[in-house]
Amino acid sequence: MLIDDIYSEDQYRRLVEVARSKGPWELTLRQFYSSPEGIADTTLGKDLKDAAPAWEDFLLPYFTGYLAKGGVCLYPEIEDTFLNRKFLDFGRRYWNAEYARPENMIFNINGPTNNFDGGHLDGAEFRGLNLKNTPNWLLNSMIRSDLFKKWQMKKAQVIAWFYRGSVGGGFTYWPKGPHATPERIAAPVWNRGIVAEVERMYHRGEANGPLEQRQTKGLTIDSRFGSDPDTVDGWQITTDGEVIQKISAREMRMLVHWRADIFTDLTELKQVVDHTDDLTHDQVIDTFIKDIRNRGRAFETPSDPLHDRDFMHLLTEVYDPGLPSIYPAEAPGPQQKAA
């Protein structure tokens, strides 16, 4: 569902002030992955089983900051943006549900950059299993397989974009599946976005900014994004305290991502809160093994399935639908050229 005027001018001002005053911020990769092997293991549509990846294989200047975690707003000055009645109503309406609980809120921020993402799903959560106790690759296979939909937590996201630039910077999404015709929000886009469940909808941000500014020389896994002390509304990227790129307010692109847990009714709410029907790792692995063998595939039963790379790649081979097959002419896929 497309929506406009997501935040008031005052709310946006305070969100930006937090981004300016509480930074600098780490790369998105640094916050969600502990090693380049972890990225390779969860890269959609690529068989990297025999690769020896390095951070440099994946580095792009996207940075992330948390605004709320575990249902708690981290900065009192923006608490109304997180405990947001309008957003809760969006989430309940999206699912036709009775209850909604704000879960977390982050922002992604960047200057000019390439983007080679062909489309992805966000990390899913199931009753009993999440990123705190389960490898990301296993959660990805669980959602792609559709074998565990009964246990999947219902989520709703309100995602807003702020970008004044005119070169790239849009958003492509596949609401009818990765091999159906996509939809697109084209830039410039300001205070516009969607209500969606991005754990099941393939989506991607698009490259943005002047081509000659998209290569950030000196970028490393330890680079940071923060306010430019020499410019009132400017930004900068630093590596080990040294400025490697300055970014104007016009070329800064910011995404604000609010997420809530949704419960259809009181019965489902109690089921989640009381943990009366949680999944276990053994249950998940046994279900996968049975399903794959029913498909006629022969393989050796893993002795340590949560750390068995051969089993991980078997699940990817069986359940990964691959990259989306149709892209907008204005925003081609990673192996295509612009029309």
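## A walk through the predicted model

The second largest cavity has a volume of about 40 Å³. A cavity here is a set of points on a 1 Å grid, over the protein atoms alone, where a 1.4 Å probe fits but cannot get out; grid points are joined across faces, edges and corners, and the volume is the space filled by probe spheres set on the points. Searching the whole structure turns up 2 cavities of 30 Å³ or more.

Some housekeeping before going on. This is a predicted model, in which local features need pLDDT of at least 70 and side-chain atom pairs count only at pLDDT 80 or more, while totals for chains, interfaces and linings use all residues. Residues are numbered from 1 along each chain as its sequence is written, and side-chain values use heavy atoms, with hydrogens and water left out.

Back to that second largest cavity: which residues line it? Its lining (residues with an atom within 4 Å of a point) consists of R127, Q152, M153, K154, I262, E268 and V272. By type, the lining splits into 3 nonpolar, 1 polar and 3 charged residues.

**The whole protein**

The protein has 9 helices and 14 strands, which are DSSP runs numbered from the N terminus (helices are H or I with at least four residues, strands are E with at least two). Its radius of gyration is 20 Å, close to the 20 Å that the globule rule gives for 339 residues, so the protein is as compact as a globular protein of that length. That radius is taken over C-alpha atoms, and the rule is 2.2 Å times the number of residues to the power 0.38. Along the principal axes, the C-alpha atoms fill a box of roughly 60 × 45 × 40 Å.

Of the 339 residues, 51% are buried, meaning under 20% relative accessible area; exposed means over 50%, and partly exposed is in between (1.4 Å probe, protein chains only). Among contacts (heavy atoms within 4.5 Å) with a separation of 6 or more, 76% join residues 24 or more positions apart.

N110 sits in strand 5 (residues 99-110). Why does N110 count as buried? Its relative accessible area is 2%, and buried means under 20%. Which side chain does the side chain of N110 make a polar contact with? The partner is the side chain of N208, at 3.0 Å. A polar contact is a pair of N or O atoms within 3.5 Å; within protein, one must be able to donate a hydrogen and the other to accept it, and residues adjacent in sequence count only if both atoms are side-chain atoms. Beyond its neighbours within four places in sequence, N110 is in contact with P61, Y62, N208, F225, E251, M252 and R253.

Y12 belongs to helix 1 (residues 9-21) and is buried at 16% relative accessibility. Skipping neighbours within four places in sequence, Y12 is in contact with Y7, F162, W190, M252 and M254.

R92, in helix 5 (residues 85-95), is buried too, at 18% relative accessibility. Leaving out residues up to four places away, R92 touches R85, A97, E98, Y99, A100 and I262.

**Helix ends**

| Cap | Helix | Side-chain oxygen to backbone nitrogen |
|---|---|---|
| D265 | helix 7 (residues 266-273) | T267, 3.2 Å |
| D308 | helix 9 | D310, 2.9 Å |

Just after helix 7, H275 takes a positive phi of about 55°. Helix 9 (residues 309-319) has F311, M312, H313, L314, L315, V318 and Y319 buried.

Most residues other than glycine have a negative phi, and most peptide bonds are trans. Where does this model depart from that?

The peptide bond from G23 to P24 is cis, with omega near 5°, and P24 lies in the loop between helix 1 and strand 2 (25-26). The bond from A187 to P188 is cis as well, with omega near 0°; P188 is in the loop between strand 8 (183-185) and strand 9 (189-196).

N191, not a glycine, has a positive phi of about 60°. This residue is in strand 9 and is buried, with a relative accessible area of 8%. D240 has a phi near 55° and sits in the loop between strand 12 (235-239) and strand 13 (242-247). Is D240 buried or exposed? At 73% relative accessibility, D240 counts as exposed.

Definitions and conventions
On a 1 Å grid over the protein atoms alone, a cavity is a set of points where a 1.4 Å probe fits but cannot get out, and a pocket is an open set with protein on both sides within 12 Å along at least five of seven lines; lining residues have an atom within 4 Å of a point. Ala, Val, Leu, Ile, Met, Phe, Trp, Tyr, Cys and Pro count as nonpolar, Asp, Glu, Lys and Arg as charged, and the others, Gly among them, as polar.
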